[in-house]
Amino acid sequence: MTQPDSISMILLTFGGLFLIGLVADLLGRHTPLPRVTLLIFTGFLIGPSVLNWLPDFTQDWFPVLTDIALAMIGFMLGQNLTKAKLKTMGRPILGISIGVMIMTASLMFVGLILLGAPIELALILAGIAPATAPAPVVDVVKESQASGHFTDTLLGIVAVDDAWGLLLFSFLLVAASILAGNHGAIHTLESGLWEITGAVLLGLFLGFPMAYITSHLYPGKSSQAEVLGLVLLCAGLAEWLEVSYIVSAMTMGTVVANFTRHHRHRPFDELETLEWPMLILFFLLAGATLQLDALYQVGFIGLGYIAFRILGRISGSYLGALWAGQKSGEYRWMGLAMLPHAGIPIGMALLATQSFPELQNTILAVILGSTIVFELLGPPLTRILLIRSGEAKPRHKRHENQTEFSD
């Protein structure tokens, strides 16, 4: 293919993907399905598993788009961890997030052992199961224009979820390595701890200068170039330092939200205008990576993984809400709003296969197969919980707001 043909293919592909995103957004306003589910399902249809319409270069670009999209999501989540919000929601965020993590991991481990899984496999999958994909949850919240105590608590839990999950996964992977007699268990633990602590340090290192720039260099406003530049810089440094780019971006966003003196919401508003086009590509290409073959290969272990993860979310949020004194029924079902399961869990699975190559086929089949279920089932349940909480705006109200904004 000549160079002009290559350029035209790239432009046609991304132009078509953005238009698909527009159609998904319009359909999401008139159907029970959130636009993120429509995008993921559309990506699955046009991907290699079904129609195979996407050019090969999209597979090479997907890791870069993933880093950018999740760094943006992480930064946006940081604004939900302000001192004022933590004073009123700190106990529910802490209780439900830890409750969901412990119950999901515990039920997964016990359940898989009862199904006859090797103890090493049970530990690894128990470490992966608590992780939540933040992007679908955040997008459903934005699409629903939900706001209130329940919504802020959900976003706060999603923000800290990855930090808890990475720590738990590191410890359980080390435990599995010790039981299997693998060498390098201490190195695995050190890498896991560095992934979290290094990410927090990086976020602090970039967050305070960003808060100062936002407050002083551009008093009263924050340019898109400044915000996007620092978020991408954070993602690039996190990748280079081999730390979590979501946690580092979230830490940076938290610092900016708490220490910016003037118009502290402006950096997040500026980034939000750039976020949706990037998420269109991310969700479509994420859907294209889903492999139907993996769903056929999961077997009883895979079905158990799906069932135990759902039970863990429900029981964990119930116990966490009970401890936090949240009497509203929606809080006790909040675990169902955190079902999306992609990105980070797949990365965890790939990391685990490096230590346990003999379990590679089983681990990848279970995680990739369950991802299809959770990515399609999770966002509609998130929307249902937001509606039941009374914090999601009715569709006609959302349409009125969008019309006024466009005018």
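This is a predicted model: local features need pLDDT of at least 70, side-chain atom pairs count only at pLDDT 80 or more; totals for chains, interfaces and linings use all residues.
## Reading helix packing and burial

Student: Where does Leu 39 lie, and is Leu 39 buried or exposed?

Tutor: Leu 39 is part of helix α2, residues 35–46. Burial is judged by relative accessible area, with under 20% counting as buried. Leu 39 has a relative accessible area of 0%, so this residue is buried.

Student: What would a partly exposed residue look like?

Tutor: Take Gly 16, which sits in helix α1, residues 3–30. Its relative accessibility is 28%, so Gly 16 counts as partly exposed. Ser 328 is another case: this residue is in the loop between α13 (299–324) and α14 (329–332), and with 32% relative accessibility Ser 328 counts as partly exposed.

Student: How should I read separation along the chain against separation in space?

Tutor: Look at the C-alpha atoms of a pair. Ser 328 and Ser 389 are 61 residues apart along the chain, and their C-alpha atoms are separated by 8.7 Å. For Leu 39 and Asp 60, 21 residues apart along the chain, the C-alpha separation is 19 Å. Gly 16 and His 149 are 133 residues apart in sequence, with 38 Å between their C-alpha atoms.

Student: Now for pairs of helices. At what angle do α4 and α5 pack?

Tutor: Helix α4 (residues 83–114) and helix α5 (residues 119–128) pack at about 155°, and their axes are 8 Å apart. Angles over 145 degrees count as roughly antiparallel, and α4 and α5 are therefore roughly antiparallel to each other. The crossing of α4 past α5 is right-handed.

Student: Which residues of α4 and α5 meet?

Tutor: From α4 come Ala 105, Met 108, Phe 109, Leu 112 and Ile 113, and they meet Ile 119, Ala 122, Leu 123, Leu 125 and Ala 126 of α5. Sorted by class, this contact has ten nonpolar residues, with no polar and no charged ones.

Student: Why do residues three or four places apart in a helix point the same way?

Tutor: An α-helix has 3.6 residues a turn, so residues at that spacing point the same way. You can look for the pattern in the lists of contacting residues.

Student: At what angle does α5 pack with α7?

Tutor: The angle between α5 and α7 is about 170°, with axes 8 Å apart. That makes α5 roughly antiparallel to α7. Among the contacting residues are Glu 120, Ile 124 and Gly 127 of α5 and Gly 165, Phe 169 and Leu 172 of α7. By class, the contact of α5 with α7 has 13 nonpolar, two polar and one charged residues.

Student: How many residues does the largest nonpolar core have?

Tutor: A core is a set of buried residues joined through their side chains. The largest nonpolar core here has 121 residues, and those with the most contacts inside it are Phe 75, Ile 124, Leu 154 and Tyr 305. Helix α7 (residues 149–180) supplies the largest share of this core, 14 residues. As for Leu 154, its contacts beyond four places in sequence are Val 137, Val 141, Met 334, Ala 337, Met 338, Thr 382 and Leu 386.

Student: And why is helix α6 described as largely enclosed?

Tutor: Ten of the eleven residues of α6 (residues 134–144) are buried, so this helix is largely enclosed by the rest of the structure. The buried residues include Val 137, Val 141, Asp 139 and Glu 143. After α6 comes Gln 145, which has a positive phi near 50°.

Note on methods
Residues are numbered from 1 along each chain as its sequence is written. Side-chain values use heavy atoms; hydrogens and water are left out. Axes are lines fitted to C-alpha atoms, for helices over the stretch in contact, and angles run from 0 to 180 degrees between N-to-C directions. Helices (H or I, at least four residues) and strands (E, at least two) are DSSP runs, numbered from the N terminus. Angles under 35 degrees count as roughly parallel, over 145 as roughly antiparallel, 65 to 115 as roughly perpendicular and the rest as oblique. A crossing is left-handed if the near helix is turned anticlockwise from the far one by less than a right angle, and right-handed if clockwise. Contact means heavy atoms within 4.5 Å. Ala, Val, Leu, Ile, Met, Phe, Trp, Tyr, Cys and Pro count as nonpolar, Asp, Glu, Lys and Arg as charged, and the others, Gly among them, as polar. A nonpolar core is a set of buried Ala, Val, Leu, Ile, Met, Phe, Trp, Tyr and Cys residues joined through side-chain atoms within 4.5 Å. Buried means under 20% relative accessible area, exposed over 50%, partly exposed in between (1.4 Å probe, protein chains only).
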